[in-house]
Amino acid sequence: MSLSHRFAREDAEAAFLEFWTLWRKHMRKTDGRGKARPAYQQMLDAGVEPADMLDGARWYLRNLSERDAPYIPLAASWLRSERWADDCEQERAYQARLNERPAENVVSITPQRGQTAFLREFERRKAASE
């Protein structure tokens, strides 16, 4: 086995583990990584980018309704039927929309620097009453 081939296998294993970590939270009892790993490798051998499968899984699982959750396909079936191809572009568009959101609609939880108008008025009334 050549050195470059071994590193490719290690990269493939890391990519599969990332996919499996995501899928495992939603899998059926009968699902398992033993059948999913060869299906994942088969897709890699066919020239599929690991990011496509991962993005497709993210979109699919994010949009999986509670009603459909008991009927989630086995990971191997989902991979081999190339269902990730339907969803990977939608996931990328979703991530792009999230990144385009303006940061100004986020509330800052850091305290304001200096005295506020309320605090100045409070201090003035407190000093007047003493």
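First, the term: a salt bridge is a side-chain nitrogen of Lys or Arg within 4 Å of a carboxyl oxygen of Asp or Glu. Now the ground rules. This is a predicted model, where local features need pLDDT of at least 70, side-chain atom pairs count only at pLDDT 80 or more, and totals for chains, interfaces and linings use all residues. Residues are numbered from 1 along each chain as its sequence is written, and side-chain values use heavy atoms, with hydrogens and water left out.

The structure holds 10 salt bridges. One of them joins arginine 37 and glutamate 13, at 3.2 Å, N to O. Arginine 37 sits in helix α2 (residues 33-45) and glutamate 13 in helix α1 (residues 3-24), so this pair ties together parts 24 residues apart in sequence. Helices here are DSSP runs of H or I, at least four residues, numbered from the N terminus.

How exposed are the partners? Buried means under 20% relative accessible area, exposed over 50%, partly exposed in between, with a 1.4 Å probe and protein chains only. Arginine 37 is partly exposed at 30%. Glutamate 13 is partly exposed, at 30%.

Next, a pair within helix α6 (residues 117-129): arginine 125 and glutamate 121, 4 residues apart, about one turn. Their salt bridge is 2.8 Å, N to O. Arginine 125 is exposed at 57%; glutamate 121 is partly exposed at 28%.

Now helix α3. Aspartate 55 bridges to arginine 58, with the closest N and O atoms 3.1 Å apart. Both lie in α3, 3 residues apart. Aspartate 55 is buried at 13%, while arginine 58 is partly exposed at 27%. Both also belong to a salt-bridge network with Glu18, Asp52, Glu89 and Arg92.

What does α3 cross? The axes of α3 (residues 50-62) and α5 (residues 84-100) come within 7 Å and cross at roughly 80°. Axes are lines fitted to C-alpha atoms, for helices over the stretch in contact, and angles run from 0 to 180 degrees between N-to-C directions. That makes α3 roughly perpendicular to α5, a label for 65 to 115 degrees.

Last, aspartate 87, in helix α5. Which residues does aspartate 87 contact? Beyond its neighbours within four places in sequence, Asp55, Gly56, Trp59 and Tyr60; contact means heavy atoms within 4.5 Å. Aspartate 87 is buried yet has no salt bridge. The nearest side chain of opposite charge is arginine 83, 6.4 Å away; Lys and Arg count as positive, Asp and Glu as negative, with His and the chain ends not counted.

Notes
Helices (H or I, at least four residues) and strands (E, at least two) are DSSP runs, numbered from the N terminus. Angles under 35 degrees count as roughly parallel, over 145 as roughly antiparallel, 65 to 115 as roughly perpendicular and the rest as oblique.
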